[in-house]
Amino acid sequence: MSASPDEPAREGAPAADPAGAEPLDPAELDHAISRVEHELGRLFARIRVSWREAATTVHPDLQPLGYQVLTSIATGKATSAGAIIERLQTDKSAVSRHVRQLEQLGLVESVPDPDDRRARVLVATELAQERVALARSRYEERLGERLRRWSAEDLDHFAELLAAFGD
């Protein structure tokens, strides 16, 4: 008798394929997991390269973390140092250094918070918005070139698997 979706599989028992296929042999499952780990490593390396390219598109002196700080500010997802630290899971000194650089490059400004005049928020300048839009369009073009080779069905399945993996 196999485990229901709500209860864990017995230790040592072959894992059940959620699509209803035959159970996987533990050695096959270990090999498949190793392949996924390998491919995730390759994907993360490619993402780091993309961040470096995007940062350079915005400004030749900008580092990848600086680009992430800038996009957090430009999208409104993080407009204070504390929010950036939480969003990017990085340390305060790194965020402070990058915010200072972004201000020096004319990409970010600190302005009074409209909801609390005692506080300040970070906003992306028009120049930053233009450069981030250019970097994103280049990234989206490269991503689109790769994904347009796939069928809509494969893309939907990939999106579902990514969503399930992220949960």
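Is Thr125 buried or exposed? Thr125 counts as buried, at 12% relative accessibility; buried means under 20% relative accessible area, exposed over 50%, and partly exposed in between, with a 1.4 Å probe and protein chains only. This is a predicted model, in which local features need pLDDT of at least 70 and side-chain atom pairs count only at pLDDT 80 or more, while totals for chains, interfaces and linings use all residues. Residues are numbered from 1 along each chain as its sequence is written, and side-chain values use heavy atoms, with hydrogens and water left out.

**Overall build**

- The chain has six helices and two strands. Helices (H or I, at least four residues) and strands (E, at least two) are DSSP runs, numbered from the N terminus.
- Read from the N terminus, the order of elements is α-α-α-α-β-β-α-α.
- The chain has 167 residues, and 21% of them count as buried.
- Its accessible surface is about 12200 Å², with 53% belonging to carbon and sulfur atoms. Such areas come from the Shrake-Rupley method with a 1.4 Å probe, and for residues only the protein chains shown count as cover.
- Among contacts with a separation of 6 or more, 41% join residues 24 or more positions apart. Contact means heavy atoms within 4.5 Å.

**The enclosed helix α2**

- Helix α2 (64-74) is largely enclosed by the rest of the structure, because nine of its eleven residues are buried.
- Those buried residues are Gly66, Tyr67, Gln68, Val69, Leu70, Thr71, Ser72, Ile73 and Ala74.
- They pack against α1, α3, α4 (92-104), β1 (108-113), β2 and α5.
- Gly76 follows α2 and has a positive phi, near 80°.

- Leu62 sits in the loop between α1 and α2. Leu62 is buried, with a relative accessible area of 3%.
- Beyond residues up to four places away in sequence, Leu62 touches Ala55, Thr56, Tyr67, Gln101 and Leu102.
- From C-alpha to C-alpha, Leu62 and Arg52 are 8.4 Å apart, and they are ten residues apart in sequence.
- Thr125 lies in the loop between β2 (116-124) and α5. Leaving aside neighbours within four places in sequence, Thr125 contacts Gly106, Leu107, Val108 and Glu109.
- Gln89 belongs to the loop between α3 and α4. Gln89 is exposed, with a relative accessible area of 66%.
- Most residues other than glycine have a negative phi. Gln89 is not a glycine, yet its phi is positive, about 50°.

**The largest pocket**

- The largest pocket holds about 1600 Å³ of space.
- On a 1 Å grid over the protein atoms alone, a pocket is an open set of points with protein on both sides within 12 Å along at least five of seven lines; a cavity is a set where a 1.4 Å probe fits but cannot get out. Lining residues have an atom within 4 Å of a point.
- Grid points are joined across faces, edges and corners, and a volume is the space filled by probe spheres set on the points.
- The lining has 36 residues, with Leu43, Ile47, Tyr139, Phe158 and Leu162 nearest the centre of the pocket.
- Two or more lining residues come from each of α1 (26-58), α2 (64-74), α3 (81-88), α5 (126-147) and α6 (152-166).
- Helix α1 gives the largest share, twelve residues.
- By class, the lining has 20 nonpolar, six polar and ten charged residues. Ala, Val, Leu, Ile, Met, Phe, Trp, Tyr, Cys and Pro count as nonpolar, Asp, Glu, Lys and Arg as charged, and the others, Gly among them, as polar.

**Aromatic pairing**

- The count is one aromatic pair. Rings of Phe, Tyr and Trp (its six-membered ring) pair if their centres lie within 6.5 Å; planes under 30 degrees apart count as stacked, over 60 as edge-to-face and the rest as tilted.
- Trp150 and Phe158 form that pair, edge-to-face, at 5.1 Å centre to centre and 75° between the planes.
- Trp150 is partly exposed, at 38% relative accessibility. Phe158 is partly exposed too, at 33%.
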